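Here is a short briefing on one protein model and the ligands it holds. Keep the structure open and look up each residue as you read.

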Amino acid sequence: MKPSLRTCFAAVTITISALAHAAPAVQQKADPWWKHAVIYEIYPRSFQDSNGDGVGDINGIASRLDYLHDLGIDAIWITPMYPSPGIDYGYDISDYTAIDPEYGSMADFDRLVAEAKKRNIRVIMDYVINHTSDQHPWFKESRSSRTNPKRDWYIWRDGKAPGQPPSNWQSWFGHSAWQYDEKTKQYYYHYFYVQQPDLNWRNPQVHVAMEDVLRFWMNKGVAGFRIDAVSRLYEDPGLHDDPYAPGTNVYGDRNIIHKYTDNYPQVNDVLKELRRVVDKYPGDPVLVTEADEPNITELTKLYGNGDEVQLPMDFQIADLNKLSAPGFRKLFNEVENNTAHGQPEYFFSNHDQPRQWDRYGDGVHNDQIAKLMATLLLTTRGTPQMYYGEELGMRTTDPARVEDVHDPIGKLGWPKEKGRDGERTPMQWTGSKDAGFTTAQKPWLPIPPSVSSYNVESERKDPNSIFNAYKRLLSLRKTEPALRDGSYRAIDGDDPNIFAFLRQSGSSRVVVALNMSSEPHSIALHLSGAQHAEVLYASPAQKQQSVPVQTLSLEPFGVVIAKLP
Ligand code: GLC
Ligand code: CA
């Protein structure tokens with residue numbers, strides 16, 4: 001969600017050999033792949049069109065696997081490609097075990113998984129379980145009569161009084177979360193859009209059906225799932241009204257606190273079930289959650305006892321929304337020390353929030369800041385997640401007129417809320433008018449003007465481009481053991497401008513320093529046994545091959561990654 005709207009266990013298993021006479025041996029299982037992976041989110045409509053209809057598709061993604069491989073990507077998370085009426089652009093699903101013809105066929109999908117595998121790229125599917133489309137056969141049955149066997153698969157209730165919904169609960173996408181259905185004279189509940197009725201997770205049959213969906217895709221060779229909107233699965237059965245907060249939201253509704261519709265403890269039981277299902281498959285399947293949790297305590301709960309989600313996305317970090325050394329230090333330290341010892345999952349951009357180039361940029365140094373954010377994402381300890389085009393410095397380009405808006409929340413919230421089209425524009429492959437994305441006259445969303453200088457083709461040639469910064473950082477992350485799997489420790493005391501930390505694996509020590517201010521600053525890093533460090537990466541580019549660690553100087557929004565002797 002846009003900020004205005006919103007919103008493992010270290011798999012080191014130690015086995016003690018119980019063999020008689022033999023000295024107890026300690027064996028370490030290799031880390032699961034996702035601990036060292038870089039995940040890349042693909043919004044399929046916007047990545048690459050292969051058949052000239054202006055909409056990206058599966059064969060388009062397949063044709064760009066070499067690009068992803070060269071960049072250094074280990075896994076792609078593809079947002080929904082299932083059959084859907086497309087009200088919420090795929091997040092309203094009408095069949096969980098098929099491919100929407102707009103994106104291709106099941107054979108195309110199988111080929112994508114196989115081709116990705118050849119390049120050592122895993123495929124993560126989106127798993128949308130809070131709600132279906134109102135066009136899903138389950139809902140059509142459910143709404144057909146009060147006695148239909150699927151009636152209780154959704155949440156149907158009587159109004160409080162004639163013309164009054166069962167509670168004051170609000171949809172995340174504006175207005176009441178209850179929709180009256182004339183046919184059976186009851187209301188159904190929808191946390192999101194009217195066309196996205198919530199499934200009733202208190203009905204065991206829903207669990208069975210949705211777990212079968214996991215098996216279907218696991219059998220197709222996917223590597224795991226990103227679970228959508230997971231904290232919204234349960235609501236208060238007593239239908240208590242949510243408390244109001246002062247003011248109104250972008251839709252003109254009174255603000256409420258979602259007290260009775262979010263974060264019920266039963267969510268954790270569901271996560272355990274889902275984990276048990278995927279754990280039956282080889283290859284360390286991964287569960288990632290969209291978890292826009294308000295604080296580290298709530299985020300930590302999603303790891304369970306190492307038996308729930310391996311990678312809950314950290315929205316706290318993603319949504320800090322300002323460059324602040326103390327702010328990032330605090331949040332990175334918190335998640336580093338999470339009491340579940342879970343693996344952090346970091347990102348800054350996705351299909352729901354304005355791109356980081358604009359959000360963190362100051363309007364003057366945006367490209368430099370993009371490189372600083374890339375460093376922050378790719379050098380901290382955790383599993384980084386990128387969003388297509390962030391490696392180019394793609395920016396948010398909102399529609400100019402309400403008639404051009406696609407996203408339902410932009411239609412409803414205009415002009416205060418322009419929706420999410422701006423961060424979903426086509427991938428900028430070349431500097432041409434169609435961005436190398438499509439041969440259609442009109443792509444589904446317009447190509448932003450920034451395409452002329454921010455695109456794969458031209459940035460590849462420019463050693464100082466954002467693209468080449470990402471490439472270098474991704475490659476360092478793979479080749480430097482300290483960056484790949486080292487520990488993390490903040491080493492800047494409480495410096496107000498510079499966030500610096502040490503990554504260490506065995507005797508390999510790498511220091512990362514980020515100046516988060518528009519002024520030059522230096523910092524004294526007190527690191528035993530080190531006077532100078534060898535520069536592995538610096539931006540802006542530096543001439544010296546080594547830097548003094550006692551007075552490490554950084555340009556405005558400058559970055560240094562250096563290896564200690
Ligand atoms: C998640 C998705 C978002 C979608 C919503 C409803 O937040 O990321 O795009 O609109 O769920 O499914
Ligand atoms: Ca197409």
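The protein chain has an accessible surface of about 22,000 Å². Carbon and sulfur atoms account for 52% of that surface. Keep in mind that this is a predicted model.

**Overall build**

- The protein chain contains 15 helices and 23 strands.
- Its C-alpha trace spans about 75 × 70 × 50 Å along the principal axes.
- How does the radius of gyration of the protein chain compare with that of a compact globule? A compact globule of 565 residues would have a radius of gyration near 24 Å, and the protein chain has 24 Å, so the two agree.
- Of the 565 residues in the protein chain, 60% are buried.

**Around ligand 1**

- A shell of 14 residues surrounds ligand 1.
- The closest of these are Asp88, Asp228, Glu290, His351 and Asp352.
- By type, the shell divides into 7 charged, 4 nonpolar and 3 polar residues.
- Which distances separate oxygen atoms of ligand 1 from polar side-chain atoms of aspartate 228 and glutamate 290? For aspartate 228 the distance is 2.9 Å, and for glutamate 290 it is 2.8 Å.
- Aspartate 88 also takes part: an N or O atom in its side chain is 2.5 Å from an oxygen atom of ligand 1.
- On its own, ligand 1 has 310 Å² of accessible area, and the protein covers 99% of it.

**The calcium ion**

- Ligand 2 is a calcium ion.
- Which residues coordinate the calcium ion? They are Asp49, Asn51, Asp53, Val55 and Asp57, at 2.2 to 2.3 Å.
- Asp49, Asp53 and Asp57 each use OD, Asn51 uses OD1, and Val55 uses O.
- Along the chain, the donors follow the spacing D-x1-N-x1-D-x1-V-x1-D.
- Two of these residues can be checked for burial, where the cut-off is under 20% relative accessible area. Valine 55 has 5%, so it is buried. Aspartate 57 has 3%, so it is buried too.

**Backbone points to look up**

- The peptide bond from tryptophan 414 to proline 415 is cis, with omega near 0 degrees. Proline 415 sits in the loop between helix H12 (408-413) and helix H13 (456-461).
- The peptide bond from serine 539 to proline 540 is cis as well, with omega near -5 degrees. Proline 540 is in the loop between strand E20 (532-539) and strand E21 (546-548).
- Leucine 239 is not a glycine, yet it has a positive phi of about 55 degrees. Its place is the loop between strand E9 (224-227) and strand E10 (244-248).
- Is leucine 239 buried or exposed? Its relative accessible area is 19%, so leucine 239 is buried.
- Histidine 341 is not a glycine either, and its phi is positive at about 55 degrees. Look for it in the loop between helix H9 (325-336) and strand E14 (345-346).
- Is histidine 341 buried or exposed? Its relative accessibility is 60%, so histidine 341 counts as exposed.

**Buried residues in loops**

- Serine 171 lies in the loop between strand E6 (156-157) and strand E7 (178-181). At 4% relative accessibility, serine 171 is buried. Its side chain reaches the backbone oxygen of phenylalanine 192 at 2.8 Å.
- Glutamate 235 is in the loop between E9 and E10. Its relative accessibility is 7%, so it counts as buried. Between the C-alpha atoms of glutamate 235 and tryptophan 169 there are 10.0 Å, while the two are 66 residues apart in sequence.
- Aspartate 262 belongs to the loop between strand E11 (254-256) and helix H6 (266-279). With a relative accessible area of 14%, aspartate 262 is buried. The C-alpha atoms of aspartate 262 and tyrosine 40 are separated by 28 Å, and these residues are 222 apart along the chain.

Key: Residues numbered from 1 in each chain as written. Chains lettered and ligands numbered in written order. Predicted model: local features only at pLDDT ≥ 70, side-chain atom pairs only at ≥ 80, totals over all residues. Heavy atoms only, no water. Near = heavy atom within 4 Å. Polar contact = N/O pair within 3.5 Å; in protein donor to acceptor, adjacent residues only side chain to side chain. Areas by Shrake-Rupley, 256 points an atom, 1.4 Å probe, with all protein chains shown as cover. Nonpolar A, V, L, I, M, F, W, Y, C, P; charged D, E, K, R; others polar. Donors = N, O, S within 2.8 Å, 3.2 Å for Na, K, Ca; no water. Buried < 20%, exposed > 50% of the residue type's maximum accessible area, 1.4 Å probe, protein only. Helix = DSSP H or I, 4+ residues; strand = E, 2+ residues; numbered from the N terminus. Rg over C-alpha atoms; globule rule 2.2 N^0.38 Å.
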